[in-house]
Amino acid sequence: MIEINRDLRPWWGEGFLYKNIDLGGDKLVEILNILKKNSRYTNEEIGIMVGKTEEEVAAIISDYEKRGVIAGYTTLINWNDTQRQSVTALIEIKVAPQRGEGFDKVAERIYKFPEVSACYLMSGGFDVTAIVEGESMEEVAYFVSQKLSIQEYILSTNTHFILKRYKDNGKVFEDKVTDKREAIII
Amino acid sequence: MIVDDMILQKVKDMPPSGIRKYFDLINEMEDVISLGVGEPDFVTPWHVREAGIYSLEEGSTHYTSNSGMPVLRDSISEYLQRRFEVNYDPEKEILVTVGGSEGIDLALRALVGPGDEVIIPEPSFVAYQGCTAFTGATPVVIDLKAENEFKLTKEELIAAITEKTKLLILPFPNNPTGATMDREELSEIVEVLKDKDIIVLSDEIYAELSYRENHVSIASFPEMKDKTIIINGFSKSHAMTGWRLGYACGHRAIIDSMKKIHQYAIMCCPTTSQYAAIEALNKGDEAVKEMVTAYNHRRRVLLEGFRKIGLECFEPLGAFYLFPSIKSTGMTSDEFCEKLLLEEEVLVIPGNAFGKSGEGFIRASYASSMENILEAIKRIDRFVKKHS
C-alpha cells in the first residue's frame, strides 16, 4: 500500500511529496536488511534465515521491486586495487530554487547527466550534493566547468576530489579481514 | 626438590583436555573453517571500545571499588530489571567479576566444600566440574537426554538430589547444546527446589542470545530469588570476551562472601573494561539486537543444512551452538571430528568434550560468517555422503 502524504509542504517548495509506504512488518524489513548486506543470497537462503518459504520470499521481493522500495541491485567495487583509472568527486552546488518546482527541477537537470552517480538535496551551507565519476581529474573538472556550472539556476559549485575510500556502503575497504580468534574455544 | 612433587594432587588429578589433539592438528593446517569457536565472531561495538579508550585517555587507570564501580552496578541493576524482570540492589546484591567464569568460581568457593554435592547437568561448560573439584565438593552429573532436547527434567533432578546436595548448576541457554528452558519448564524445577536448602547457580551468560522467547531467569520466581545466584556478563551478548568482565547477583550474604574472596584474590575488575561495560549496558541494545539477528539467521541456515545432510538435530533456541547427532554415520564423536578435520578441513568439537552424554554428538558453533557456514555445510555434506 502506498500513501502519499500531501500535508507535508516544506518551505523549499511545493514539489515535494512524501511517500509513506507500508513495509509490512519487522520480518519483511529483515529481508530488506539481509539483501542490503548481500543481495546475492538466494530466495531459498533468505527464506531459511527468516523462517519463510522460498516462494514467499520471492513474492515479497517482487512486490518490493514493483513498489520501488527495492530500487535496484548493484555491486560494490573496490577500484582502489584495480588498474582502472577512476576519479570520484563530491560537488557542493548552490542552486536558485524555481517557483512552483523548488529544487527538484534543477536537481533533475543535474542527475540526468550519466557522470553523476548520486545526487542529494542537502540542508546546511549548500543545496545539492552531486557525486561525479570520471577517468581523470581533468575529465571531472571539464564536466563541472563545461556542463554542470553553466546550467541555469546553478549559482556556484565547489568540487572536492575523493583521494581514498576507507569505507563505502557499510563496507570497510582494507586488506582481507582475518579471524583473529583462537580456532578452538570451549 | 622435585618440582612436580610440589604440585597439589587434586590439580594433578584434573584430566587433560579431551580436545588437545585438535589444537595440534589445527596448527599444521591452513584454511580450516572452524565451527569450534565458543566466542562471538563480532568485535566489540565501536562505541563501547571507544568508551574504554576514552577512559584511558582520561587517566582512569586506578583500582575501583572491590565490588565494581557503583555506576556500573547501577547500570547492571537497571539492565536486569529492564531485560529480564529481576530486581537486585546494586549496593548489596551485585558483584562485578572477571568474566562470568570468576563468578562461577567464586560462588562455588564461597558455598561448597568437602562433603557437599554439586549437581551438574551435562553436556555443559567444562569449567563446572573443574571448579567444583577444586573446592573439594563432589560433582554429581545428570546426563541430559536428546529426547528431552537436553533440557533438565524434574524427574532427573529428583533422582540426583541427596541429603548432601548443596548446589545445582543450571546452565541455560546452554553451551554446547543451545538448549533453553522456558517459564513452564523452569516452574517444574522450581516445584522440586522451593522447599529444599539447595542453592541454584544459574549461568545465564547466553541470556541475550535467545531466539524465540525472551530468556527467563529462575530468579524471577519469587520463591527462588534468595536461593539463586545469577551469573551473567558481557562476553557473549556484547562481544566483549577479551575484556574479561561479568557479574554475579544474589542474596546479600552470598554476594558478600563472594566479594571477600574476590577482594583478596583479584582486588577489582579491570577499570577500562568497567567503563566500556557501562556504555554497553546503557547504549548497546541496538548492537546486541543486530548481532542476535545475525546469529539467528545463521542458526536457521546451519540447522537446515544439518537436517538436509541427514544429521538429526533438535532446534536449539539459545546460545550459538548446534548439537547434531552423528550416530547415523556409525562413527564416534572423536572419529567424526578428526576425520572431518583431516578430510574436509572443517573443525567441530566432539560432544563428549562436554560430558559423556555428549558422545554421539558434535558441537557446531555458528559464531562464524554466513559464508563460512554455507561452505562448511557443503563440506560436511560431502563428508557424510562419503562415509555413508
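In this predicted model, the secondary structure of chain A comes to five helices and eight strands. Read from the N terminus, the elements follow the order β-β-α-α-α-β-α-β-β-α-β-β-β. Chain A has 186 residues, and 27% of them are buried. Among the contacts in chain A with a separation of 6 or more, 57% join residues 24 or more positions apart.

A:F143 sits in helix α5, which spans residues 137-148. A:F143 counts as buried because its relative accessibility is 2%, under the 20% limit. Leaving aside residues up to four places away in sequence, A:F143 touches A:F113, A:E115, A:V116, A:V132 and A:L148. A:E133 lies ten residues from A:F143 along the chain, and the C-alpha atoms of the two are 9.8 Å apart.

Chain A meets chain B through 17 residues of chain A and 30 residues of chain B. In general, the size of an interface is often expressed as the accessible area lost when the parts come together. Here the two chains bury about 1800 Å² between them. Carbon and sulfur atoms carry 61% of that area. On the side of chain B, B:V37, B:H297 and B:R300 supply 26% of the area buried against chain A. The rule finds one salt bridge across the interface of chain B and chain A. The partners are A:E44 and B:K308, with the closest N and O atoms 2.6 Å apart.

Within chain B, helix α6 covers residues 127-135. Its buried residues are B:Y128, B:G130, B:C131, B:T132 and B:T135. Just after α6 of chain B, B:G136 adopts a positive phi of about 90 degrees.

Helix α6 of chain B also takes part in a pocket. The second largest pocket has a volume of about 640 Å³. It is lined by 26 residues, and those closest to its centre are B:P15, B:P16, B:S17, B:V126 and B:A353. The biggest contribution to this lining comes from α6 of chain B, with six residues. By class, the lining of the second largest pocket holds 17 nonpolar, seven polar and two charged residues.

One cavity of 30 Å³ or more is found in the whole structure. The largest cavity holds about 40 Å³ of space. Its lining consists of B:L170, B:F172, B:M181, B:L186, B:S202, B:E204, B:H215, B:V216, B:S217 and B:I218. Six of these lining residues are nonpolar, three are polar and one is charged.

As a rule, most residues other than glycine have a negative phi, and most peptide bonds are trans. The peptide bond from B:F172 to B:P173 is cis, with omega near -5 degrees. B:F172 is also one of the residues that line the largest cavity. A cis peptide bond also runs from B:N175 to B:P176, with omega near 20 degrees. B:P173 is found in the loop between β5 and α8 (183-193) of chain B. B:P176 is found in the loop between β5 and α8 of chain B.

Positive phi values occur at two residues of chain B that are not glycine. At B:A239, phi is near 55 degrees. B:A239 belongs to the loop between β7 (228-233) and β8 (246-249) of chain B. With a relative accessible area of 6%, B:A239 is buried. At B:E345, phi is positive at about 55 degrees. B:E345 lies in the loop between α12 (333-344) and β10 (346-347) of chain B. B:E345 counts as partly exposed because its relative accessibility is 28%, and the limits for that class are 20% and 50%.

Key: Residues are numbered from 1 along each chain as its sequence is written. Chains are lettered from A and ligands numbered from 1 in the order in which they are written. This is a predicted model: local features need pLDDT of at least 70, side-chain atom pairs count only at pLDDT 80 or more; totals for chains, interfaces and linings use all residues. Side-chain values use heavy atoms; hydrogens and water are left out. Buried means under 20% relative accessible area, exposed over 50%, partly exposed in between (1.4 Å probe, protein chains only). Helices (H or I, at least four residues) and strands (E, at least two) are DSSP runs, numbered from the N terminus. On a 1 Å grid over the protein atoms alone, a cavity is a set of points where a 1.4 Å probe fits but cannot get out, and a pocket is an open set with protein on both sides within 12 Å along at least five of seven lines; lining residues have an atom within 4 Å of a point. Grid points are joined across faces, edges and corners, and a volume is the space filled by probe spheres set on the points. Ala, Val, Leu, Ile, Met, Phe, Trp, Tyr, Cys and Pro count as nonpolar, Asp, Glu, Lys and Arg as charged, and the others, Gly among them, as polar. Contact means heavy atoms within 4.5 Å. Buried area is the accessible area (1.4 Å probe) that two parts lose on being put together, summed over both. A salt bridge is a side-chain nitrogen of Lys or Arg within 4 Å of a carboxyl oxygen of Asp or Glu.
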